[in-house]
Amino acid sequence: MAGQARERYPGPVFRRDQIPVWTAAAVAFGLGLAGALVRRPWHDELYTLALSRSSFGGILAALKVDSGPPGYYLLCHVLHLAGLDGLVALRLVSAIAVAGGVALVVAAITSGTGWRWAVGGFLAVHPLLVRASGEARQYGVLFALAAAAAFILSRPVRAKQAWLLAAVLAAACWVHALGLVLAGGVLVAGVAFSSAERRRIWMAGLAALAAYVPWLPVMAGQPAAALAWMQHGWSQVPALARWVLPFVEPNPAAPPSPFVELVALPVAAAVAGMIVWAVVVAVGAATGRRVAAHLLLWASAGIVLVAASVFLRPVYAPGRADVLFIPAAALVVAAASRWRRWTRAGVVLLAVAGAAVSGASLAVWNHEPAPPAGCWRG
């Protein structure tokens, strides 16, 4: 009996290789909390706060002239009903979501503890994630769902995993319209799997898209003015640079786009970071089949967003929509472990650059004027 008990005992809950997972999540949450406490509210967050205090019908009525689905706002409304009111409470949702997403991505890495530490640091201090985790907007939750999808694709996709993937993608679609792009990217990524897994992945993606159908008439009736703010920012991006943005923006050393308020690195440091990023990604992408799914997801989602923005109307906000790509990009980078020493050093350098941008940005936010009265609490 004792021998059988020992065989059934699953071992310690916190293994040594899980320490980087929880450490990265804790650092990500700490930076998100810092951002949540010091950053001045901006107009979209005040819009979120207003909708969280509205009725269910009021939320749906407001979104008929906005540009997104109601999932995130309904979540905020539930928090309001539970007594968790104010911007800090809503920002904490983002901080928790980003920390959870970081943990999932780091847990998906199978290259060894050293690479978990390197990529965990890369993600925990990533400026775009620090920004997303410290604001009352959908992007932190969207990152967590994209990370969950990437985690599922990093493991064998059996029936249970396919059901979970369908739920994750459906939730992403109802949290933000960018979830449709994530679901499409997952459908493309299914090509990299065996025929049985491919069928499950495709069924999961199609089920998620089908679940969004009830919102399509509302989405189709929304005015073009709902996305007019993106037209101004998109026009500031040089035409030749637009097609590479999805592959550049997940780099923590990249110059910030017009859509975000982050401190820029000195030009020399940014150029050096771009070179390191390009080399590490190229090495990771060349490692073969095990990274193909994440590479396909990243590339297809990025190309669709840019193509739609160029030929239809702007739908890609660089520095915002990139939360879709960062999980897949991080797993592509982790695949560079084939050349362990110098590629890991490159990832650490990128993490240092990201920490510098995040730290400087937090310092700038901390010196902004005080927020309007009544924003933090109800």
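Ala 172 sits in helix α10 (residues 159-175), where helices are DSSP runs of H or I with at least four residues, numbered from the N terminus. With 0% relative accessibility, Ala 172 counts as buried, a label for residues under 20% relative accessible area with a 1.4 Å probe, protein chains only. The model is predicted, so to speak of local features needs pLDDT of at least 70, and side-chain atom pairs count only at pLDDT 80 or more, while totals for chains, interfaces and linings use all residues. Residues are numbered from 1 along each chain as its sequence is written, and side-chain values use heavy atoms, with hydrogens and water left out.

**Around Ala 172**
- Leaving aside neighbours within four places in sequence, Ala 172 is in contact with Leu 142, Leu 145, Gly 179 and Leu 182, contact meaning heavy atoms within 4.5 Å.
- Leu 75 is 97 residues from Ala 172 along the chain, and their C-alpha atoms are separated by 13 Å.

**Helix α9 and its partners**
- Helix α9 (residues 139-153) packs with helix α11 (residues 178-189) at about 10 degrees, their axes 11 Å apart; axes are lines fitted to C-alpha atoms over the stretch in contact, and angles run from 0 to 180 degrees between N-to-C directions.
- The pair α9 and α11 is therefore roughly parallel, the term for angles under 35 degrees.
- On the α9 side the meeting residues include Tyr 139, Leu 142 and Leu 145, and on the α11 side they include Gly 179 and Leu 182.
- Helix α6 (residues 87-108) and α9 have axes that come within 8 Å and cross at roughly 20 degrees, which makes α6 roughly parallel to α9 too.
- Among the residues making this contact are Val 98 and Gly 101 of α6, with Ala 144 and Phe 151 of α9.

**Arg 131**
- Arg 131 is found in helix α8 (residues 127-133) and, at 2% relative accessibility, counts as buried.
- Not counting residues up to four places away in sequence, Arg 131 touches Arg 39, Phe 259, Val 260, Glu 261, Leu 262, Arg 320 and Trp 365.

**Helix α19**
- The 27 residues of α19 (residues 340-366) should span 39 Å at 1.5 Å a residue, and the end C-alpha atoms are 38 Å apart, which agrees; the expected span is 1.5 Å times one less than the number of residues.
- Trp 365 is one of the buried residues of α19, as are Gly 346 and Leu 350.
- Those buried residues pack against α2 (19-38), α7 (113-124), α8, α16 (267-285) and α18 (326-334).

How values were computed
Helices (H or I, at least four residues) and strands (E, at least two) are DSSP runs, numbered from the N terminus. Buried means under 20% relative accessible area, exposed over 50%, partly exposed in between (1.4 Å probe, protein chains only). Angles under 35 degrees count as roughly parallel, over 145 as roughly antiparallel, 65 to 115 as roughly perpendicular and the rest as oblique.
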